[in-house]
Amino acid sequence: MTTRSAIAVDTRTFEGISGVFEVGVLGMGDLPSAHTMPRHLIDVLTALKQERGFTHLSLLTAAERPAETPGVKMVYAVTRRTDHTTLMLSVDLPEESLRVPTIVALWPGALPLEREVYDLFGVVFEGSPNLRRIVLRDDFAGHPLRKGFVMTPGGVDAEDLAWALASHGDDGPAPQPENSDPKRTVPLPYPSVAEQLARPGDPILHSQRQLLHMGPQHPSMHGVLHLWLALEGEMVLASEVTHGYLHRCIEKLAETRSYRACTALVDRADYVSGFHTELALLMGAEELAQIEVPPKAQYLRVLMSELVRLTSHTTWFAACGIDVGAFTPMLFSFRDREAILDFFEEITGGRMMFNYFRPGGVKDDLPAGCADRLHAYLKTLSASIDGYEALLTTNEIFRNRTCGIGVISPQTILDFGVTGPMARASGVDIDLRRDEPYAAYADFDVHVPLGEIGDSFDRYAVRIAEMRESARLAMLALEGMPEGDFVTPGVPRAIKPPAGCAYRRVESPRGELGVYLESDGTAQPWRMKIRSPAFSNLHVTNAVLPGRRISDIIAIVSSVDVVMGEIDR
Amino acid sequence: MVVSKVRVDEETKVLIAPLQFLMNWARGHSMWPLTFGTACCAIEMMTVGSARYDTERYGIFFRNSPRQADCMIVAGTINLKMAPRIELLYEQMSLPKYVIAMGSCAVSAGPFADGYNVVQGVDQILPVDIYVPGCPPRPEALMNALLMVMERNSAGIPSAAEVFAAEQRAGKAAL
């Protein structure tokens with residue numbers, strides 16, 4: 001088995017669409033790609049979405065162009081779910097005009113992604129209904145992912161810190177007047193907090209509308225999530241996700257690290273399932289550098305991916321119980337989490353930060369006897385999961401808190417680019433392990449559990465079913481483990497892939513986790529972007545929470561399975 | 001020193017001790033940390049409260065409100081957006097408040113030290129009592145730090161916050 005993807009390269013998909021040029025596969029890994037101009041962008045994407053069936057916006061990001069042609073390159077990736085084809089589209093923006101039309105009218109989920117590009121690159125999205133910073137402070141100066149923004153060694157100094165402590169750096173909910181022409185602005189795809197607050201309360205009840213900040217320090221906000229809520233009594237009128245309290249410059253720091261050192265950084269991006277980010281990064285690097293991965297390493301990668309999915313879901317299960325008032329589930333699920341972490345410690349040396357996958361394979365083979373003990377443990381897991389279910393699945397309080405709460409329609413799932421268990425709970429049958437098999441997943445028959453109506457309870461039930469499936473797949477990987485090398489011999493410590501781009505995706509516990517890599521031929525990536533599934537999954541709450549009550553917020557947000565490290569990066 | 005002031009009244013058989021001693025004795029057996037996880041270390045902080053490590057047997061019980069907490073575990077990276085919020089939380093706690101810097105990020109910004117947005121350790125903002133290195137530290141390490149805080153409290157050693165407050169009163173605030 002090679003690192004080559006099973007995706008067929010078919011550039012004919014672009015035929016007949018005007019405004020597209022330089023169609024081919026050059027410079028974009030092995031994915032069909034094309035360039036277009038800002039003025040044609042909307043037409044090209046509309047044609048791809050509405051005529052050719054590319055309904056899923058997988059990636060929206062930017063990268064600096066080479067020094068000889070200063071400016072920024074916008075990169076879009078769209079996927080057709082019927083045959084699992086992915087296309088890359090790039091738009092070159094010269095330095096003097098970093099402007100591109102917004103695609104929020106086509107995909108509402110593009111709004112936070114565009115805000116991120118505006119924040120980090122300074123690209124202005126014409127017609128965007130809410131163009132303001134998303135991860136950095138509102139008063140931050142500069143756009144850090146531009147190459148012209150030089151990081152000072154030693155990081156933030158005392159002067160910067162004093163400035164940061166002087167204010168909250170947050171303007172609060174307000175309409176965004178600058179850069180916007182009311183006639184050309186796309187309407188916001190969900191109720192606006194500022195607009196809802198500006199309206200009067202109910203005249204009969206004499207109620208007043210109020211702004212509530214939920215987070216960033218709140219026991220149920222899974223770290224440092226912050227919601228702006230426009231409330232009238234118990235009712236949520238509008239909500240807006242605010243984050244960035246854990247933005248740790250991972251994408252900028254990656255540009256100063258070798259590919260192997262980058263795995264240590266991305267481990268900390270999605271800190272409850274580090275293996276998946278490591279895998280997506282290395283699949284991209286191996287694609288660029290044309291490194292083969294031996295079959296045994298592919299099986300070890302599958303094994304580790306499934307085990308870490310179990311630890312991630314057990315962490316979610318603990319948080320899910322605590323959020324709705326049940327503390328005991330945590331004691332049960334962390335018992336199993338600890339058992340798996342002991343195996344991780346034995347195999348990789350780390351409990352949470354593994355740094356185990358390497359270009360061309362993995363760091364080390366399984367220790368002697370480990371496989372048998374792991375297999376024996378996984379056999380007992382099914383009974384443990386029965387125990388979890390006995391605590392919550394039939395619990396009347398839990399069912400009342402989650403059944404019928406936070407229903408997300410399949411159309412909303414598509415609009416906002418939601419993936420993973422959240423999409424599957426709404427009946428959207430996607431799973432990259434089955435649809436675009438990577439590593440050794442082609443050898444496995446992955447069962448994909450689906451929900452029916454897409455409420456919080458379905459999201460719970462889908463994850464419970466996924467835990468059983470992960471345990472089964474991990475056992476199969478152990479049973480079918482081939483003999484041979486665990487790493488390709490002779491891969492240098494610092495790989496130098498030739499110039500090019502690659503976009504590789506894996507199915508993380510939260511959904512479609514992609515890494516977009518661009519190499520300029522040196523040992524450090526020119527650009528590394530993590531396509532975070534939780535980022536898109538979280539922003540759908542802006543559309544789901546309005547109309548619900550305060551107590552439902554927790555039941556809905558906890559069913560998203562938020563990991564802030566991956567969202568803020 | 002304070003312990004010597006504890007005595008039993010022979011006539012009434014009542015234990016007589018300075019209030020501060022009794023407060024420290026009580027707090028030293030029920031140290032309540034604030035549930036405040038920012039990043040990866042928060043997952044290990046959760047583990048400390050789970051079945052295998054079970055800090056509740058020492059009276060360590062996580063509280064959700066800073067006003068009820070004795071001790072703040074800064075579990076994760078602090079960036080420029082978070083810094084004013086963490087300062088606000090700290091100010092809401094009452095004395096003696098202990099601060100544990102958990103993990104490399106809270107100690108010295110860890111692997112993100114060169115970043116444009118990352119504070120170089122929480123001691124740039126707050127007086128810190130105990131540093132726990134590691135990325136992330138093992139749950140045992142955090143438990144050890146919590147037990148050290150409890151020992152210090154029982155022994156009547158002032159917290160870093162109290163030392164800082166005294167310095168401020170004396171007009172030589174250092175931070």
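Trainee: Where is the place of Pro136(B)?

Mentor: Pro136(B) sits in the loop between strand S6 (130-132) and helix H5 (139-154) of chain B. Helices (H or I, at least four residues) and strands (E, at least two) are DSSP runs, numbered from the N terminus. Before we go on: this is a predicted model, where local features need pLDDT of at least 70 and side-chain atom pairs count only at pLDDT 80 or more, while totals for chains, interfaces and linings use all residues. Residues are numbered from 1 along each chain as its sequence is written, and chains are lettered from A and ligands numbered from 1 in the order in which they are written.

Trainee: And what kind of peptide bond joins Cys135(B) and Pro136(B)?

Mentor: A cis one, with omega about -15 degrees. The bond from Leu95(B) to Pro96(B) is also cis, omega being near -10 degrees. Pro96(B) is in the loop between helix H3 (83-92) and strand S5 (98-102) of chain B. Most residues other than glycine have a negative phi, and most peptide bonds are trans.

Trainee: Is Asp561(A) buried or exposed?

Mentor: Asp561(A) is buried, because 27 other C-beta atoms lie within 10 Å. The cut-offs: buried if 20 or more other C-beta atoms lie within 10 Å of a residue's own, exposed if 12 or fewer, partly exposed in between, with C-beta atoms placed from the backbone. His206(A) also has a positive phi without being glycine, near 55 degrees, but His206(A) counts as exposed, with 7 C-beta neighbours inside 10 Å. His206(A) lies in the loop between helix H4 (193-198) and S8 of chain A.

Trainee: S8, then. How does strand S8 (residues 209-214) of chain A pair with S9(A)?

Mentor: Antiparallel, over 6 bridges; two strands pair if DSSP finds at least two bridges between them. Gln210(A) stands opposite Leu231(A) in S9(A). S9(A) also pairs with strand S10 (residues 235-242) of chain A, in the antiparallel sense over 7 bridges.

Trainee: What about the hairpin of S9(A) and S10(A): how many residues are between the strands?

Mentor: There are 2, and Gly233(A) in that hairpin takes a positive phi near 65 degrees. Glu232(A) stands opposite Met235(A) in S10(A). As for burial, 6 of the 7 residues of strand S9 (residues 226-232) of chain A are buried, so S9(A) is largely enclosed by the rest of the structure.

Trainee: Changing topic. How far apart are the end C-alpha atoms of helix H8 (residues 295-323) of chain A?

Mentor: They are 42 Å apart, which agrees with the 42 Å that its 29 residues should span at 1.5 Å a residue. The expected span is 1.5 Å times one less than the number of residues. Of those 29 residues of H8(A), 27 are buried, so H8(A) is largely enclosed by the rest of the structure. Gly325(A) follows H8(A), with a positive phi near 100 degrees.

Trainee: Last one: how many residues of chain B are in contact with chain A?

Mentor: 38 residues of chain B are in contact with 42 residues of chain A, contact meaning C-beta atoms, placed from the backbone, within 7 Å. H3(B) gives the largest share of the chain B side, 5 residues.

Methods: Two residues are in contact if their C-beta atoms, placed from the backbone, lie within 7 Å.
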